Amino acid sequence: MLNQLINLAKQQLVPSLKEKENLNDHQVNDTFGVAKSSLFEGLKDQVLTGNLNNLTNLFNGKESNSSFLSKSVLNHFIPELASKLGISQSQASSIGNMVIPFLINKFSSKETGTVNNESDLLSKFGIDSENALGGLGSK
């Protein structure tokens, strides 16, 4: 599922990242690598804080306020991207404000389908619902 979200983002955002942020091909690839790991970490944060019901509702399009997830993902994305690309926090934030809302919008769109329950959501991301903490640690 994460790969599907990243591929959707790549299809739409690569030209903007190159033009607006002056990123080269290598930096663009690194940006999406950081976005993928940051999205996973943000999802993990929500599961670990007991917010799985809101995540499930967001994924199913029943929750319109995604700020709880956006903040968590951006908290991982901005410092990691700045460090990896050697850019300022300000530029990393600008890139994050382009990439992360796009990913979360796709996360909650019909393109990614729906789930019947929280366990279904976890399994879409390769997490064993019987041992969520262990499954999260393996990603």
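**View 1. Aromatic pairs in the predicted model.** Two aromatic pairs turn up in a search of the whole structure. One of them joins Phe 59 and Phe 107 edge-to-face, with 5.1 Å centre to centre and 75 degrees between the planes. Phe 59 belongs to helix H3 (residues 52–59) and Phe 107 to helix H5 (residues 89–107), so this pair ties together parts that are 48 residues apart in sequence. The structure shown is a predicted model. Phe 59 is buried, at 0% relative accessibility. Phe 107 is buried too, with a relative accessible area of 0%.

**View 2. The largest nonpolar core.** This core holds 42 residues. Leu 17, Val 99, Ile 100 and Phe 107 have the most contacts inside it. Two or more residues each come from helix H1 (2–21), H2, H3, helix H4 (67–85), H5 and helix H6 (118–124). H5 gives the largest share of the core, nine residues. In soluble globular proteins, nonpolar side chains tend to be buried together.

**View 3. Surroundings of Leu 17.** Leu 17 is among the core residues with the most contacts. Residues up to four places away in sequence are not counted here. Leu 17 then touches Asn 22, Leu 23, Val 28, Thr 31 and Phe 32, among others. Its partners also include Ile 95, Met 98 and Val 99. Val 99 is itself listed with Leu 17 among the residues with the most contacts inside the core.

**View 4. Salt bridge between Asp 25 and Lys 18.** The whole structure contains three salt bridges. In one of them, the side chains of Asp 25 and Lys 18 meet at 2.4 Å, N to O. Asp 25 is partly exposed, its relative accessible area being 48%. Lys 18 is also partly exposed, at 35%.

View 5. Glu 41 has 24% relative accessibility and counts as partly exposed.

**View 6. Salt bridge with a buried lysine.** Lys 106 and Glu 111 form a salt bridge, with 2.6 Å between the closest N and O atoms. Is Lys 106 buried or exposed? Lys 106 is buried, at 15% relative accessibility. The cut-off for buried is under 20% relative accessible area. Glu 111 is partly exposed, with a relative accessible area of 44%.

**View 7. Gln 46, a buried residue of helix H2.** Gln 46 lies in helix H2. At 7% relative accessibility, Gln 46 counts as buried. A polar atom of the Gln 46 side chain lies 3.3 Å from the backbone oxygen of Phe 68. Phe 68 is also one of the residues in contact with Gln 46 once neighbours within four places in sequence are left aside.

**View 8. Thr 56, a buried residue of helix H3.** Thr 56 has its place in helix H3. This threonine is buried, with a relative accessible area of 6%. Which residues does Thr 56 touch, not counting those up to four places away in sequence? Thr 56 touches Val 115, Asn 117, Glu 118 and Leu 121.

Conventions. Residues are numbered from 1 along each chain as its sequence is written. This is a predicted model: local features need pLDDT of at least 70, side-chain atom pairs count only at pLDDT 80 or more; totals for chains, interfaces and linings use all residues. Side-chain values use heavy atoms; hydrogens and water are left out. A salt bridge is a side-chain nitrogen of Lys or Arg within 4 Å of a carboxyl oxygen of Asp or Glu. Buried means under 20% relative accessible area, exposed over 50%, partly exposed in between (1.4 Å probe, protein chains only). Rings of Phe, Tyr and Trp (its six-membered ring) pair if their centres lie within 6.5 Å; planes under 30 degrees apart count as stacked, over 60 as edge-to-face and the rest as tilted. Helices (H or I, at least four residues) and strands (E, at least two) are DSSP runs, numbered from the N terminus. A nonpolar core is a set of buried Ala, Val, Leu, Ile, Met, Phe, Trp, Tyr and Cys residues joined through side-chain atoms within 4.5 Å. Contact means heavy atoms within 4.5 Å. A polar contact is a pair of N or O atoms within 3.5 Å; within protein, one must be able to donate a hydrogen and the other to accept it, and residues adjacent in sequence count only if both atoms are side-chain atoms.
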